[in-house]
Amino acid sequence: MAARTSLSPVFPLDSAVNERGVLEIGGCDALALATEFGTPAYVIAEDDLRARARAYVRALAECSADGEVLFASKALPCVAVERIFVEEGLGCDVASGGELALALRAGFDPDRIYLHGNAKSPGELREALQAGVGTIVIDGLDEVESLVEQGADRQRVLLRVNPGVRPDTHASIATGQADSKFGIRLAQAPAAIERLRRTPALELVGLHIHLGSQLMDTGVFEAAAAAIAPLGEFGVYDLGGGLGAAYVSGARPPAIEEYVSAQVGAAKRHLGVDRRYVLEPGRSLVANAGVTLYSVMSVKRGESTWVAVDGGMSDNLRPMLYAASYEAHVADRLLVPGATAERCVLAGKHCESGDVIARDVALPDPRVGDVIVTPATGAYGHAMANNYNGVPRPPVILCRDGDARVVVRRESYEDLLAREQPDAAAGA
Ligand code: LLP
């Protein structure tokens, strides 16, 4: 039984340090997981996913608003995780044909799937229509013709409107500002609404906005809701996702309840109380539910102490793309009383200097063979994993009550070779 030493909220709920001083996720010893499944590995606490999903559903209910919560599956596109959200009563946001295939496999009711995307292909639209996807979020008018050609028949659609509100977040993940590739500009929205209403194959039921991602401030919702209010009254408003996660201890994103109450509260004030409000969180459902386990391969002491592990930018691109900060800990020396920690640079194994997972982390006496944990890697890690340097992508392991199961296996060299054509080596 783990001593319930409480850990910072960057770790999955109910994580603990056991009597051997080892981190436990979902009741599973991190060193045992590393031994059994190898490293790097994404480890996800199932109970944490469920708790956050329930918090969203409860928060929406507490706003006395009709509506639903969707999982923005891009954050962790993994069938087993999606199935948990099916069980928790969530719908699903997909942004491509591939995400749609995963969502269908997970068992989401197609009627509760929303298809997004600023460059949907005719093939993806056809797949959505064939699957009976409930709602297609029109991002631009070029899609309309394509949907008609693909045989849409009173297909429910929302129109994504760009409210012209710039949230405070990294430029690469801000979407609500005027000059964005997403959605219809506010000034062009009335004509777009008219056009959709004149298209018998489509049934325009409402509007969609998504201001951006990793938002720490709820102040932006007021302006966004006010901006779209003059476009008319609609039955449905999809307010997007965006709630930030705590990547490092001390970061204090709004609580789910606070975020939902600000988002829906502003919408109710400007758009009406008797509407259906749809929320589509991704990151805030999964980021802190997951950690990544790595093994230390090398330690070099010089101007800095370079601790290099067996993963890096192939399993977590976020430090490189958004200068995102992460914590790192030695899995079996998390809370050593009086231990002096060395300031280290946690580097990956990839062939470029920018492959640094965390620039300034305190690790107590890091050694080759240590298992390193980076918390808050449940969102957009597995999702954006890649094969740079021919590195196979890590497995996803779900943990609950001390049981661990592989839900996505580690990639193999055979997987890497599978798409190579047999005659390529011969130069034919
Ligand atoms: N709805 C729409 C239309 C979106 O575009 C997104 C995220 C979401 C919902 C979910 O947002 P969330 O709750 O996760 O903030 N790769 C980046 C994040 C890209 C977000 C893309 N869209 C990262 O690692 O930070």
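Helices (H or I, at least four residues) and strands (E, at least two) are DSSP runs, numbered from the N terminus. The buried residues of α4 are Glu-99, Leu-100, Ala-103, Leu-104 and Ala-106. They cover an arc of only 155 degrees around the axis, which puts them on the same side of α4; the arc is that of the directions from the helix axis to the C-beta atoms. A residue is taken as buried if 20 or more other C-beta atoms lie within 10 Å of its own, as exposed if 12 or fewer do, and as partly exposed in between, with C-beta atoms placed from the backbone. Just after α4, Gly-107 has a positive phi of about 100 degrees.

The structure is a predicted model, in which local features need pLDDT of at least 70 and side-chain atom pairs count only at pLDDT 80 or more, while totals for chains, interfaces and linings use all residues. Residues are numbered from 1 along each chain as its sequence is written.

Helix α3 (residues 79–87) has Val-81, Glu-82, Ile-84 and Phe-85 as its buried residues. Seen down the axis of α3, these residues fall within an arc of 150 degrees, so they line one face of the helix. They pack against β4, α2 (46–62), β5 (66–72), β6 (91–94), α4 (97–106) and α10.

Along the principal axes, the C-alpha atoms fill a box of roughly 65 × 60 × 40 Å. Buried residues account for 48% of the 428 residues. Of the contacts between residues at least 6 apart in sequence, 68% join residues at least 24 apart; two residues are in contact if their C-beta atoms, placed from the backbone, lie within 7 Å.

The protein chain is divided into domain 1 (16–45 + 287–417) and domain 2 (47–286), with bounds that come from an automatic or database domain assignment. The C-alpha centres of domain 1 and domain 2 lie 31 Å apart. Contacts between the domains involve 24 residues of domain 1 and 23 residues of domain 2. On the side of domain 1 that touches domain 2, two or more residues are given by each of β4 (41–45), α11, β20 (396–400) and β21 (403–408). The largest share, three residues, comes from β20. By class, this side of domain 1 has 16 nonpolar, six polar and two charged residues. Ala, Val, Leu, Ile, Met, Phe, Trp, Tyr, Cys and Pro count as nonpolar, Asp, Glu, Lys and Arg as charged, and the others, Gly among them, as polar.

The shell around the ligand holds 21 residues, of which Ser-213, Gly-241, Gly-282, Arg-283 and Tyr-380 come nearest. A residue is near a molecule if its C-beta atom, placed from the backbone, lies within 6 Å of it. Two or more residues of the shell are given by each of α10 (283–286) and α11 (318–322). Domain 1 and domain 2 each supply at least three residues. Seven nonpolar, nine polar and five charged residues make up the shell. Tyr-380 lies in the loop between β19 (371–375) and β20 and is buried, with 26 other C-beta atoms within 10 Å. Phi of Tyr-380 is near 60 degrees, a positive value in a residue other than glycine.

A positive phi, near 55 degrees, is also found in Gln-214, in the loop between β11 (202–208) and α8 (220–228). Gln-214 counts as buried, with 24 C-beta neighbours inside 10 Å. The peptide bond from Thr-39 to Pro-40 is cis, with omega near -10 degrees, and Pro-40 is placed in the loop between α1 (30–37) and β4.
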